[in-house]
Amino acid sequence: MNISKFSRIAFPALGFAAVVASCSSDPEFSISGKIENAADKTLLLERPDHAGIWNAIDSIHLKDNGKFSFKSFSPDSPEIYRLALDGQYIYFPVDSIEHLSLNADARTFATSYSIEGSENAVTLSSFEKELLNYAPKLSIADSAASFKRKVYTKYLQDARGSVVSYYILTKTVNDSPLFSTEEDGKYFAAVATSFKQFRPDDPRTALLEQTATQLRRQRLSANGKRTLIEAQEVSLFPINLPDEKGNNKALSDIVGNGTPTALIITDFTDPDTPAFNIELKKLYDAGNLKVYNVGIDSDQIDWRNAASNLPWTTVFATPTQINDIAADYRFTELPAIYLIDRQGNLTSRHADLSSLKKSL
């Protein structure tokens with residue numbers, strides 16, 4: 001199982017590798033170090049072309065001491081390179097002028113190396129080693145989903161638009177994308193938001209947004225028009241999230257007090273959400289109903305602008321937070337609609353607003 005192989009990106013929209021990464025005449029980056037037990041072996045320095053195919057840009061015939069050193073023109077934008085030895089690969093990011101040092105053993109080249117010189121290089125090394133150890137379990141759906149949630153929390157959530165986060169999202173394992181299911185759209189949306197904030201001109205930004213939209217549409221198509229999968233009785237779990245002004249609003253502060261409350265969880269990027277909100281407003285304006293609306297969006301600024309025009313309580317959830325809420329309230333599709341009675345007890349869930357209206 002060669003899970004270190006990073007091949008052509010599987011998504012049609014992501015035929016990326018180095019869209020703008022043509023080498024400049026100056027400056028240079030370098031990587032050097034020592035490979036044990038590598039005498040007479042050839043070490044290659046490789047980078048991907050515009051189609052994601054890896055090409056050797058330099059090579060060195062290793063001597064008995066295993067020492068090596070490569071220098072190359074720095075890419076115009078952050079890029080992933082790799083060292084190749086006997087069909088094993090070590091990946092590392094390059095951003096402008098930097099020097100990386102690496103030590104490895106030819107017998108365990110891709111699994112037990114150490115790299116220094118940049119925080120991103122260390123991060124990528126950590127991810128690659130975790131993936132190697134976890135790969136045998138990725139064929140099990142629950143294990144794969146759990147691993148991807150862990151990867152998002154550890155490597156993607158606070159990546160601030162780093163090339164490493166893009167690389168992780170488009171990583172392939174045995175020629176299959178690690179992140180590719182309809183449910184992975186939330187990860188692409190979150191990283192796209194980060195790129196939009198920190199790297200708005202990076203071509204990866206648009207590609208991430210396109211893939212997030214594509215996967216969301218696939219999810220809706222595969223599951224039908226936001227069909228709710230009914231579950232066993234659901235209890236009222238606490239939710240406490242920021243509203244459009246940045247002030248936390250707890251669900252417990254809204255429910256009860258003699259008035260029923262609709263807990264509504266919606267995707268503000270869904271093109272049907274504006275029409276849904278119009279119908280919800282009719283119920284809200286009729287009186288005798290409070291609304292606690294949990295919203296998600298790939299861009300929190302866009303969500304804030306939309307939420308500021310709604311008369312009910314609206315709060316924002318990150319992809320990780322919405323996953324936690326989904327686990328508590330047992331929904332798989334959006335919008336998710338729940339009715340909480342006058343005393344603050346969750347009494348029912350509904351497939352649509354017409355069903356909610358009948359229960360009021």
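Aspartate 40 is exposed, because its relative accessible area of 58% lies over the 50% cut-off. The model is predicted.

- Aspartate 40 is not a glycine, yet its phi is positive, at about 70°.
- Aspartate 40 sits in a loop. That loop runs between β1 (23–36) and β2 (42–48).
- Arginine 160 also has a positive phi, near 55°, and is a residue other than glycine.
- The loop that holds arginine 160 lies between α2 (141–156) and α3 (163–169).
- Arginine 160 has a relative accessible area of 55%, so it counts as exposed, the threshold being over 50%.

**A cis peptide bond**

- The bond from leucine 334 to proline 335 is cis. Its omega is near 0°.
- Proline 335 belongs to the loop between α8 (319–329) and β16 (336–340).

**Serine 118**

- Serine 118 is in the loop between β8 (114–116) and α1 (119–134).
- The relative accessible area of serine 118 is 15%. Buried means under 20%, so serine 118 is buried.
- Serine 118 touches Glu98 and Leu100, with residues up to four places away in sequence not counted.

**The largest nonpolar core**

- In soluble globular proteins, nonpolar side chains tend to be buried together.
- The largest nonpolar core here has 35 residues. Phe127, Ile168 and Phe179 touch the most other members.
- Two strands, β5 (79–85) and β6 (88–94), each supply at least two residues of this core.
- The helices α1, α2, α3, α4 (185–198) and α5 (203–223) also each supply at least two.
- The biggest contribution to this core comes from α4, which gives seven residues.

**A separate core**

- Another core lies apart from the largest one.

**Contacts of phenylalanine 127**

- Phenylalanine 127 is in contact with Val151, Tyr155, Tyr167, Ile168, Lys171 and Leu178. Neighbours within four places in sequence are left aside.
- One of these partners, Ile168, is itself listed with Phe127 among the residues that touch the most other core members.

Terms used. Residues are numbered from 1 along each chain as its sequence is written. This is a predicted model: local features need pLDDT of at least 70, side-chain atom pairs count only at pLDDT 80 or more; totals for chains, interfaces and linings use all residues. Side-chain values use heavy atoms; hydrogens and water are left out. Helices (H or I, at least four residues) and strands (E, at least two) are DSSP runs, numbered from the N terminus. Buried means under 20% relative accessible area, exposed over 50%, partly exposed in between (1.4 Å probe, protein chains only). Contact means heavy atoms within 4.5 Å. A nonpolar core is a set of buried Ala, Val, Leu, Ile, Met, Phe, Trp, Tyr and Cys residues joined through side-chain atoms within 4.5 Å.
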